[in-house]
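This briefing is meant for a reader who is meeting the structure for the first time.

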Amino acid sequence: MQPSTPNRTHITEFVMVGFAEMHEMRLLFFALFLTMYLLTLAENLAIIVVVGLDQRLRRPMYFFLTHLSCLEIAYTSVTVPKMLAGFTGVRGGKNISYAGCLSQLFIFTFLGATECFLLAAMAYDRYVAICMPLRYGALVSWGTCVRLAAACWLVGFLTPVLPIYLMSRMTFCGPNIIDHFFCDASPLLALSCSDVSLKETTDFLVSLAVLLASSMVIAVSYGNIVWTLLHIRSAAERRKAFSTCAAHLTMVSLFYGTLFFMYVRTKVASSVNFNKVVSVFYSIVTPMLNPLIYSLRNKEVKGALGRAFSFRSWKGQ
């Protein structure tokens, strides 16, 4: 007789309490997060459409920007709709199946890692454009851009494979209450009745590898950019060169600052409420701000948006 293999996962469904401590203000938070979500969709779709329609933006920097906008739409859509369902109080709005929870965590991690690598690719593009302008066409050709973008998505997809596999081997005996608004690794580990030391170490090393690899490319790129700018005699030329990467540098600062705080840790989070606030910032606020940062700090994008949405532009066509 074959020995039976016990099912190591006793729980088949989780309940995400989200912001339960703010129950009396749930409708206000529902309206706030719904507005932010719709703004994120509209802003990123506008970037995608404008870059696709405007011939002046057919350049590598904006090619990567469209990938980033597509990613931001998916990134927020993984978590926000389920969180909004929890605010409505509908039956089952806060419930998520075990498989659904792991799938959400996989996709969220995959997209977060991909964003890190896309931001690094954009930094490399700015480095070549400013430091080696005469070789820009050869070093950052369309073929190179496609390969870089494909590599970002592929490595991002592979990033959560081992962590999610280890999570699937964990035993969850109860309770099944996730003190978060999405299935993040830290609150899930807090519910496990297995030894989480290997999983914590793996999460730490994988997160550290992704953050260090991508941030190293960004740091080296901007280090060379600063060195090049210091050797430009004209202050106007320095300002013009720096203005082309100011928006990207702002995005990097917002995104990496919160990620380093959240994920490069070895222990399960102790301040859950504070972690929720930080999670809201990098999973909802940052995707909403990124298109605004690029449209407000980039003259070419502002000009393209003005041409695309002005009455005279459409009338002239």
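In this predicted model, Phe 106 has a relative accessible area of 17%, and because buried means under 20%, this residue counts as buried. A search of the whole structure finds 17 aromatic pairs, and Phe 106 forms one of them with Phe 157.

**The pair of Phe 106 and Phe 157**
- Phe 106 belongs to helix H3 (residues 98-131) and Phe 157 to helix H5 (residues 142-158), so their pair ties together parts of the chain that are 51 residues apart in sequence.
- Phe 157 is partly exposed, with a relative accessibility of 40%, whereas Phe 106 is buried.

**The pair of Phe 108 and Phe 182**
- Phe 108 and Phe 182 form a tilted aromatic pair, in which the centres are 4.6 Å apart and the planes are at 45°.
- Phe 108 and Phe 182 are both buried.
- Ring pairs also join Phe 108 and Phe 182 with Tyr 75, Phe 181 and Tyr 282 in a cluster.

**Lys 302**
- Lys 302 is found in helix H11 (residues 299-309), and its relative accessible area of 41% makes it partly exposed.
- Between the C-alpha atoms of Lys 302 and Leu 292, which are 10 residues apart along the chain, the separation is 9.9 Å.

Notes
Residues are numbered from 1 along each chain as its sequence is written. This is a predicted model: local features need pLDDT of at least 70, side-chain atom pairs count only at pLDDT 80 or more; totals for chains, interfaces and linings use all residues. Side-chain values use heavy atoms; hydrogens and water are left out. Helices (H or I, at least four residues) and strands (E, at least two) are DSSP runs, numbered from the N terminus. Buried means under 20% relative accessible area, exposed over 50%, partly exposed in between (1.4 Å probe, protein chains only). Rings of Phe, Tyr and Trp (its six-membered ring) pair if their centres lie within 6.5 Å; planes under 30 degrees apart count as stacked, over 60 as edge-to-face and the rest as tilted.
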